Amino acid sequence: MESRYNPAAIEEKWQQVWAEQGLDLAPENSSLPKYYAVSMFPYPSGNLHMGHVRNYTITDVIARHKRMQGYRVLHPMGWDAFGLPAENAAIERGVPPAKWTQQNIEQMRNQLKQLGLSIDWTREVATCSPDYYHWTQWLFLEFFRAGLAYQKEATVNWDPIDQTVLANEQVDSQGKSWRSGALVERRLLRQWFLKITDYAEQLLTDLDKLEGWPDRVKLMQENWIGKSTGAQVTFTTETGEALTVFTTRPDTLWGATFMVLSPEHPLVESLTTPEQAEAIALYQAAAAGKSEIDRTAEDKEKTGVWTGSYALNPVNGEKIPVWIADYVLMGYGTGAIMAVPAHDQRDFEFAKRFNLPIKSVVQPSGQVDQVTDAEMTAAYVDEGVMVNSGALDGIPAGKGAGQSVEAAVQWLEANDKGVGTITYRLRDWLISRQRYWGSPIPVIHCPHCGAVPVPDADLPVLLPEGVEFSGRGASPLSKLDSWINVPCPTCGTPARRETDTMDTFMCSSWYYLRYPDARNDKQAFDPQKVNDWLPVDQYVGGIEHAILHLLYSRFFTKVLRDRGLLNFDEPFSRLLTQGMVQAVTYKNPTTGKYVQPHQVDPSSPHDPDTGEALEVFYEKMSKSKYNGVDPKDVLAKQGADTARMFILFKAPPEKDLEWDDADVEGQFRFLNRVWRLVTEFAEQPGFAEQPGAGEPELTQELSKEEKDLRRSIHLAIQAVSDDLEGEYQFNTAVSEMMKLSNALGDSSCKSSPVYAEGINTLLKLLAPFAPHITEELWHGLGHADSIHTQTWCKLDPAALVVDEIPLVIQVMGKTRGTIQVPSQADRALLEQLARESELAQRYIADKEVKKVIVVPGKLVNFVIG
């Protein structure tokens, strides 16, 4: 072995050897227990960032550890390769999206391989490849055949200058188009949806099965699904039209004093009187230019317009005005609400703004004098008793058994005024995208047959090449007559292809099902193989995917289970959401401008242009903030193993990590120390003649020094093994290995078989974390097989037992020091050893000992006269 650690000399060498040996290929048809470890696959932007390094290193340590534990491991990688950036590149650089994407994939694949990840590259997938989106289209048709895919009108972001649909990310914070600068409008467009709402209850209740998921992720999904129990009630307009609302507080119906409709509600036009027509039209136009976030912001001033019409409250026959307001969204509930300003703060503010009546129907229990409605300064939302509510008067207000909500539902149903029901905040999944770079939706629109699925035999519907990208007008696909115009598969009539492509979440909602059978050209996957490998045992990714990606993947799994393609309910048994990688950031607090670190003196950070003092803080690495660290720079200087070790050591995996060059250098020094320990051990006289060229044989009675060292070895085995199970604590595992290396370095028995055991153990424990250096050193010790095929270290509990323990000596309750005593000594022996010790004799030799207090295993206290 070389005397000096040189990562550049060993890392590429071992990566090539592992690839030639097929060391990371997932075994097929093995009798071993399975373990499926997956990192959320990346968008191929072209360059790895430190967030990628952290994600994939975490998963790799888990996969390598499981292999050493005797599992057959599937650890694959792929590319979430459709999406807007490739289309933007085509517009800006004239490079076809497929070419741009493929170049990025090749570059990022090479970067990933440099990290020494134990990925089975034979199972690589790219969602933009026809052999992948063939099956994305087939799965869409499975949803279609199950009645779960349908079309309806929905609002989109419309650029009136470029005459094109924009994605949400193409609209800036001022509601303007990223390209033209035009104020974006909201327009209705016929689009495709999946009925995820049909699975809302399953998606909610099955969260209880996900014991290996973080509680906060489950709570986020629960809130997103948003189950609400209440009643559906129909108000009637003066012209006899029905206005249906859902309310979680039907007990407050007697306090409803007005109604509010979404500006997009279909009844707005018929309810608007001629006198209010102009005001309504202006308000609708203004609302169309706002995002949903803007419309529903809590701190937004309430706005609205009266339609000029009234509706009748079904519980008391009172006539109440019907308004429109942008905080009511057509996509939520029925697009209409009853307003109870006395007991809802948003309604209260609206009523005060427009001088609408307020009527209390709940008052605090035991309160004699009721606050008048005119005296109210805020909505009353606490517990109380029902008043002014007919048959509900005197009933405790609330949602519990025997309380007002239950009584109200019973009264509504008994009087045929409404019905108890459950609703969900979750809305059906809009999958249409008016863009080119996505999977075409495999549907043909026939004037006679309607929406007709493309026959399975004609899949995939390929994206056409030679497309012109301008960023203006309709989707490029809608301009290709030769591609659009096709005969109807059912009747042969001239028909037209669907020109929308699918949301990229469609592709990422099932990729983990493709990995077990990635080269299958006859099926999306072989159910037998998928049922063998799934569910994923460990899924690793960012918290930003806590809702949409994970929810859609769960939905896909349940639908495909119901279609007879799977036999499990949930796709991911365990989920780890790793924290962000942050770095020191410099910002001018006056201008908001970020300053590049090389322009700043860290000891006195000032703006180089203005001289102003800069804010200094840690923030997520980003090009725009000039705080990114390029992984290739770290790999070139200190190697992949150092980068991996720092990423794992700096913080627990679920916490944010603060980049620190000094700590990176610290891990490099640790690996150098390991290198020296092993190479010096291998250079000992007679090393080559040792059994197994370094494998220990413990056949003789051990000395105290050997026992102490062996205890350190097995304490490390115990601690590192614990840290790699359950709640992953890679940072403390690295600390334990550093402690073991110190114990080996300080040992006085370097020629002992115990020392050899320690060297071998250190390398095995370190192997999942730093695969290259450990492989090099392992072979340097004379081993023929890879360290990554070795069995994980086995704990010997007997090695943890100590022969002697420290015993505290106290005199009159004051600690005077400690002595070493046999660990199994009883009370009498402890007292004898303590009394006879030189330490105790200094204080009790000439004194009368009146009492001796013995606490076995801890202390002896002498009470003297």
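Here is a short chat about the predicted model above.

User: Before we start, what are the ground rules for pLDDT and numbering?
Analyst: It's a predicted model, so local features need pLDDT of at least 70 and side-chain atom pairs count only at pLDDT 80 or more, while totals for chains, interfaces and linings use all residues. Residues are numbered from 1 along each chain as its sequence is written, and side-chain values use heavy atoms, with hydrogens and water left out.

User: OK, which residues touch the most other members in the largest nonpolar core?
Analyst: Phe140, Leu513 and Trp659, out of 115 residues. A nonpolar core here is a set of buried Ala, Val, Leu, Ile, Met, Phe, Trp, Tyr and Cys residues joined through side-chain atoms within 4.5 Å. Buried means under 20% relative accessible area, exposed over 50%, partly exposed in between (1.4 Å probe, protein chains only).

User: Which helix gives the largest share of this core?
Analyst: Helix α5, residues 130–145, with 8 residues. Helices (H or I, at least four residues) and strands (E, at least two) are DSSP runs, numbered from the N terminus.

User: Switching to the open sheet, what's the strand order?
Analyst: β6-β5-β7-β18, with antiparallel pairing. Two strands pair if DSSP finds at least two bridges between them.

User: How many bridges join β5 to β7?
Analyst: 10, between residues 149–159 and 185–194. Trp158 sits opposite Glu185 in β7.

User: And Asn88, buried or exposed?
Analyst: Asn88 is buried, at 14% relative accessible area, and belongs to helix α3 (residues 84–93). Leaving out residues up to four places away in sequence, Asn88 touches Gln170 and Trp178, where contact means heavy atoms within 4.5 Å.
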